[in-house]
Structure formats: C-alpha cells, structure tokens
Amino acid sequence: MDHEGIADVLGTAIGPEARLTRVGCLWACDLSNVVVVNPGVEGRRRGARPAWVTKVNTVERARAVADWVRRGGPGLAEPPEELGEVLSAAGLRRVSAPGR
C-alpha cells in the first residue's frame, strides 16, 4: 500500500480550507487506513459529527474522500457512493494493532 501517495493525495486534493493531520492507529486498526472527516462549523450547526471512512487504501478512495471534503463534508454534502458505509466513532469497535 502506498501510504505516502495516499497522504499526498489527501493533503493536496482536500482544498485550502481543510487540513490533513496524520496519526497512528485510530482504534480500528483492522480497518486501516481510517480517515476521519470532521464537519466544519456549518456542518456541526446542522448536527453532523465526525465521519469515519475505513479502508482508504487506494489513491482512488483518497480522491473520493478529498472530493467529499471539498464539497463540504459531513452535514453539507453526501459522501460519494464509492466510499460505502461511512461510520461514526460509536459504530466502530476498538481494536489495537499487534504490539500496541
């Protein structure tokens, strides 16, 4: 898997209003790569909460996430169909990677 390529796509394609922060495992290590898309101010006003997109393991999925972010993200735009089910933190089970 091209972690750097995926991060490069996300970092540049999400647009100037968004920010990419890279971290280690986000609870759902078995669903890696996990991207959490936080709603903006207006999305939060509309009741949106952070959305967890799992298995972002290809540049194409990273581009789909970036497209969603540019269109407004949670609360303002529907996620692209190709992302499949988008979860909340409550919808995930906590799984640690081996050795963590």
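**Entry 1**

I began with Lys55, which sits in the loop between β2 (51–53) and α3. I looked up its backbone and found a positive phi of about 55°, although Lys55 is not a glycine. A reminder to myself: this is a predicted model, and every value in these notes is computed from it.

Next I turned to the loop between α1 and β1, where Asn33 lies. I checked the peptide bond that joins Ser32 and Asn33, and it is cis. Its omega is about -10°.

**Entry 1: two helices side by side**

Then I wanted to know how helix α1 (residues 3–13) and helix α3 (residues 59–70) are placed. Their axes come within 9 Å and cross at roughly 20°. Angles under 35 degrees count as roughly parallel, so α1 is roughly parallel to α3. I also noted the hand of this crossing, which is right-handed.

Which residues make the contact? From α1 I listed Ile6, Val9, Leu10 and Ala13. From α3 I listed Val59, Ala62, Arg63, Val65, Ala66 and Arg70. Sorting the residues of this contact by kind, I got eight nonpolar, no polar and two charged.

**Entry 2: the largest pocket**

Last, I looked for open space in the model. The largest pocket has a volume of about 1000 Å³. I found 40 residues lining this pocket. Which of them lie nearest its centre? Those are Leu10, Leu20, Thr21, Val35 and Val36.

I then asked which elements supply the lining. At least two residues each come from α1, β1 (35–37), α2 (41–45) and α3. The largest share, four residues, comes from α1. As for the kinds of residue, the lining divides into 23 nonpolar, eleven polar and six charged.

**Entry 3: to keep in mind**

Technical notes: Residues numbered from 1 in each chain as written. Predicted model: local features only at pLDDT ≥ 70, side-chain atom pairs only at ≥ 80, totals over all residues. Heavy atoms only, no water. Axes fitted to C-alpha atoms, helices over the stretch in contact; angles between N-to-C directions. Parallel < 35°, antiparallel > 145°, perpendicular 65-115°, else oblique. Left-handed = near helix turned anticlockwise from the far one by under 90°. Contact = heavy atoms within 4.5 Å. Nonpolar A, V, L, I, M, F, W, Y, C, P; charged D, E, K, R; others polar. 1 Å grid on protein atoms, 1.4 Å probe; cavity = no way out; pocket = protein on both sides within 12 Å on 5 of 7 lines; lining within 4 Å. Points joined across faces, edges and corners; volume = space filled by probe spheres on them.
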